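Subject: Structure for you to look at

Hello,

Here is the structure I said I would pass on. Please open it first, then read the notes below beside it.

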Amino acid sequence: MSGRDDLREHLKYYRDLGVAGVTTNPVWRERAHSGSGETHSPPSTEHEAPAPSTDTDLDAIRIDIGDCTRCKLHTLGRQRIVFGSGNPKAELMFVGEAPGADEDEQGLPFVGKAGQLLTKIIEAIDLKREDVYIANVIKCRPPANRNPEPDEVATCEPFLFRQIDLIKPRVIVALGTHAAHTLLKTDVPISRIRGRQHDYRGAILIPTFHPAYLLRSPDRKREVWEDMKLVKSLLTQGA
Ligand code: SF4
């Protein structure tokens, strides 16, 4: 593929997303892809403390989860536990609600149509999927994609908290109503809390619409693009 074809393909992402105003700032790309956070902000005491490798610790969490039977979802048709994937030192983390059918099938988060749109959203701010970390509030698919129930969330979310505390992202994007409500312990409609900054476990959490909702309501892509520009700005500024 020629460079021109590459560019055409890249711009098509933006058209597909319904966005405009593509950055060509190379500084952003260099900083965002570093993934370590070393150049963005003064090291905190947490970062300075000697700690085992983050990879190993994430592996330890996965081992801890094992073939989990802690909540009733293990009896309700789940095929695979969807732990999460991506850069264990990511500065940007996405958290969704729960695995769907494709994710349950493959054991990976956001791999269906909504996942493909999420990939485009990530690329729209000049990052790649492997630069970020993607997980869900709960790790097993609820039957018929129903909302997770409170006891399931209460049982499973400590694993997400451990992932967040190890990865120490600077920005977390909560994808959709359920993820935002669960993480922020609120029931304020997503349309009112999206795009706002919330302190969350040492990170800035920004709720936005779920990619699956965008597939049904493409006119909301503009708002997600606004939210993602804010995310990019926070990462670039060393928030
Ligand atoms: S949703 Fe979480 S707590 Fe429930 S069975 Fe799956 S991994 Fe275990």
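**What was found**

The protein chain has 11 helices and 6 strands. Helices (H or I, at least four residues) and strands (E, at least two) are DSSP runs, numbered from the N terminus. This is a predicted model, in which local features need pLDDT of at least 70 and side-chain atom pairs count only at pLDDT 80 or more, while totals for chains, interfaces and linings use all residues. Residues are numbered from 1 along each chain as its sequence is written, and side-chain values use heavy atoms, with hydrogens and water left out.

**Overall**

Of the 239 residues in the protein chain, 47% count as buried. Buried means under 20% relative accessible area, exposed means over 50%, and partly exposed is in between (1.4 Å probe, protein chains only). A contact means heavy atoms within 4.5 Å. Among contacts in the protein chain with a separation of 6 or more, 74% are between residues 24 or more positions apart.

**The core**

In soluble globular proteins, nonpolar side chains tend to be buried together. A nonpolar core here is a set of buried Ala, Val, Leu, Ile, Met, Phe, Trp, Tyr and Cys residues joined through side-chain atoms within 4.5 Å. The largest one has 59 residues, and L92, M93, F94, L183 and V231 have the most contacts inside it. Helix α7 (residues 150–167) gives the largest share of this core, 7 residues. Leaving aside neighbours within four places in sequence, V231 is in contact with L92, I125, V171, V173 and I206.

**Helices α7 and α8**

How are α7 and α8 placed against each other? α7 and helix α8 (residues 176–184) pack at an angle of about 85 degrees, with their axes 12 Å apart. Axes are lines fitted to C-alpha atoms, for helices over the stretch in contact, and angles run from 0 to 180 degrees between N-to-C directions. α7 is therefore roughly perpendicular to α8; that term covers 65 to 115 degrees, with under 35 being roughly parallel, over 145 roughly antiparallel and the rest oblique. On the α7 side, V153, E157, L160 and F161 meet H178, T182 and L183 of α8.

Q163 is also in α7. Q163 counts as buried because its relative accessibility is 0%. Not counting residues up to four places away in sequence, Q163 touches L58, I61, F83, G84, M93, Y133, A135 and K139.

In α8, 8 of the 9 residues are buried, so the helix is largely enclosed by the rest of the structure. The buried residues of α8 pack against β2, α7, β4 (171–175), α9 (190–193), β5 (198–200) and β6 (203–208). K185 follows α8 and has a positive phi, near 50 degrees.

**Loops**

F110 is in the loop between α5 (101–106) and α6 (113–124). Its phi is positive, near 50 degrees, in a residue other than glycine. F110 is buried, at 6% relative accessible area. N145, in the loop between β3 (133–136) and α7, is not a glycine either and has a positive phi of about 55 degrees. Is N145 buried or partly exposed? N145 is partly exposed, with a relative accessible area of 45%.

P88 lies in the loop between β1 (85–86) and β2 (92–96). With 16% relative accessibility, P88 counts as buried. P88 and D57 are 31 residues apart in sequence, and their C-alpha atoms are 9.5 Å apart in space.

Regards
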